[in-house]
2 protein chains.
Amino acid sequence: MSLPATIEYVNGKVILLDQTRLPLEKVFLEIPDAQTMWEAIKVLRVRGAPAIGGAAAFGLWLGVRKIGDAATRSEFLEQLQTVRDYLATSRPTAVNLFWALDRVNTAAKNSNLQTAGELKALVLEEALAIQREDVEMCRAIGEHGANELEQILPAGSSILTHCNAGALATMGLGTALAPVYVALERGRAIHVFADETRPLLQGARITAWELHEAGVPVTLITDNMAATVMRGPSINSSDGLKVGAVIVGTDRVAANGDFANKIGTYGVALLARAHGIPFYVAAPSSTIDLNTPNGEEIEIELRDREEVTSFGARVTAPEGIQVFNPAFDVTPGNLVTGFITERGVIRAPYLETLAGF
Amino acid sequence: MSLPATIEYVNGKVILLDQTRLPLEKVFLEIPDAQTMWEAIKVLRVRGAPAIGGAAAFGLWLGVRKIGDAATRSEFLEQLQTVRDYLATSRPTAVNLFWALDRVNTAAKNSNLQTAGELKALVLEEALAIQREDVEMCRAIGEHGANELEQILPAGSSILTHCNAGALATMGLGTALAPVYVALERGRAIHVFADETRPLLQGARITAWELHEAGVPVTLITDNMAATVMRGPSINSSDGLKVGAVIVGTDRVAANGDFANKIGTYGVALLARAHGIPFYVAAPSSTIDLNTPNGEEIEIELRDREEVTSFGARVTAPEGIQVFNPAFDVTPGNLVTGFITERGVIRAPYLETLAGF
């Protein structure tokens, strides 16, 4: 399996896979300073909550690493705070960005270290710890998910996924795709149908690319073909593959199991239910938000109309046409077979099982 | 209402709306000869089964109109057959193309007319009759459909449609959209959600354009937003409109009510069922094919991978990725609330009602 790392720290250098060049080119950039990392986060060279968190943490280190080793603690902490506030403006709606920045900043403040040299080392260690924990979290989701698939996925059947909750959204094996990668390591190549995921085509550009790169058999479909591939080869389908399970990621899980994810997820969940196909959500347990009682409380971002009315430079819809472009939708918990987390699979009744997790 | 005609015969001229220029420009072309009509059909300046049939019929007339009035019957019929065979190569999978060509050709052959002058007039009259009948058929579908909507569509709710079975696919008011246009004439402006309909975006380019042009309130959505707008404003939808009915077109209806239509239709039907939303298919009764017992017998065309992997000149998926690109899907008759035809609405049980229609 040859999955490229989204972020790597090698011999004092921070290396980033430039995801804006995908799927056409695999370009790695050395990020020399916090300004370059700010730009990389801003223009989505790195995306996906866990990967953005890691990028921000390494960005903090890049912003303080040139401070002389002999500088004082207070000089260092002042500069660290400045870089933290600066990086926080790169993508102000990304919760994980703030979480990672504050974790590193707080670790430095709470330490008793007195010299800039020691504090720099601490900052780097904290960024590496965030990365290591993400790798472990993805791995654990992958192991639990692969175990589940061994139980429920009929031989010769496929997974269907929507959007990208793969390795390229994290620093490890991803969330929704981690079970597929672990299954591959165990010797089972599971074929994946990747929804292209309009309007921004993360499925075509990123999911299809990373699965193909890793050697996982993948078929790209438009979102509106999901129902047909779920029905399988019995009617009018020439490819002979039936969907045996759906796995998607999530941005937030409410206390009753309702969850938010990329627009289109709710429809996929209904189609899976209509065909009797198990539907899983793979995510770190940190996305479970018991303070959100249900999906009604999750606010949905509406995005620019141009994402729907044009494609690159090409206008594809009439001028002035009204557009509805929600970035996410909310899927009711009663459509979820299980939440695959790093600590195991959580099953209904979610009001009880999520609270007790 | 200002719907442009797809094809018009005015003062000896055949005028075509160039649909390849939509949605950016409304360009009308005068078609001077059969060669130009052949090219127009080939490159989809005119599309949709009824409109293609009409274009072919007028193309026949264009191909014989310069024959001298005094030419003999046999000279005329020979040339007519040559033009017929030539036009038949423009889009060889379009059943309605052959139907229209053969209807005109046979009318000439079966007549007792002896001079080219009389036969030319007959050919033109037959083309105009095909057009007139299509206009009447669309109108009748629209009236029956509008009556149905008056019964079942709650005030303030929307229609959802997929692909384009509108005026621009016919020479009249369309099929799936005809009920909306007739309702508008009757004073009720029904808001329409138009699925963009990947991969070729007929919904964005054509349906949204013609509805907007006609003064029908329309909102363009990506295909994967259909489930969210069907759920309506109760959860996380900011636009306050709920889908009260779905209307789509069809290419063929089997004896049991299974029907073929643009890829994505089956998913829309399942989502409508999940939300308790009535789902209608609007089409001329000529699309009912009692020789096809059920949907399993309908062969589905698989189209080029490039339709999914690129967009205009822009490549959006990894090189060499596998793609599944069926042009159509088959929806089971048990998901259909009714077939709206020019002779009324047909309801289940379809094995009986379609056979007796």
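**Chain pairing and local backbone features**

The structure described here is a predicted model. Between chain B and chain A, the count of salt bridges is two. The contact between the chains involves 65 residues of chain B and 64 residues of chain A. The size of an interface is often given as the accessible area lost when the parts come together. For chain B and chain A, the buried area is about 5100 Å². Carbon and sulfur atoms give 64% of this area.

The arrangement of the two copies was examined by superposition. Chain B is brought onto chain A by a rotation of 180°, with a shift of 0.0 Å along the rotation axis and an RMSD of 0.0 Å. The two copies are therefore related as by a two-fold rotation axis. Of the interface residues of chain B, 98% are also interface residues in chain A, so the copies meet through the same surface.

Most residues other than glycine have a negative phi, and most peptide bonds are trans. The peptide bond between R198(A) and P199(A), however, is cis, with omega of about 5°. P199(A) is placed in the loop that lies between strand 5 (192-195) and helix 7 (202-214) of chain A. In chain B, a cis peptide bond joins L22(B) and P23(B), and omega is about 0°. P23(B) belongs to the loop between strand 2 (13-17) and strand 3 (28-31) of chain B.

The loop between strand 5 (192-195) and helix 7 (202-214) of chain B contains T197(B), and L201(B) lies in this loop as well. Neither residue is glycine, yet phi is positive in T197(B), near 70°, and in L201(B), near 60°. T197(B) has a relative accessible area of 0% and is therefore buried, the cut-off for this term being under 20%. L201(B) also counts as buried, because its relative accessibility is 3%.

A further buried residue is found in a helix of chain A. N105(A) is part of helix 4 (residues 95-110), and N105(A) counts as buried because its relative accessibility is 4%. When neighbours within four places in sequence are left aside, the residues in contact with N105(A) are L60(A), L80(A), Q81(A) and R84(A).

In chain B, four strands form an open sheet in the order 11-8-9-15, and their pairing is mixed. Strand 11 (288-289) and strand 15 (328-331) stand at the edges of this sheet; each has a single partner strand, so one side of each is left without a neighbour in the sheet. Strand 8 (residues 252-254) and strand 9 (residues 259-262) of chain B pair in the antiparallel sense over two bridges. Within this pairing, V253(B) has F259(B) of strand 9 as its bridge partner. Helix 9 (residues 265-274) of chain B lies across strand 9 and strand 15, and runs at about 35° to strand 15.

Note on methods
Residues numbered from 1 in each chain as written. Chains lettered and ligands numbered in written order. Predicted model: local features only at pLDDT ≥ 70, side-chain atom pairs only at ≥ 80, totals over all residues. Heavy atoms only, no water. Buried < 20%, exposed > 50% of the residue type's maximum accessible area, 1.4 Å probe, protein only. Contact = heavy atoms within 4.5 Å. Least-squares fit on C-alpha atoms with pLDDT ≥ 70 in both. Pairing = 2+ DSSP bridges. Axes fitted to C-alpha atoms, helices over the stretch in contact; angles between N-to-C directions. Buried area = accessible area lost by both parts, 1.4 Å probe. Salt bridge = Lys/Arg side-chain N within 4 Å of Asp/Glu carboxyl O.
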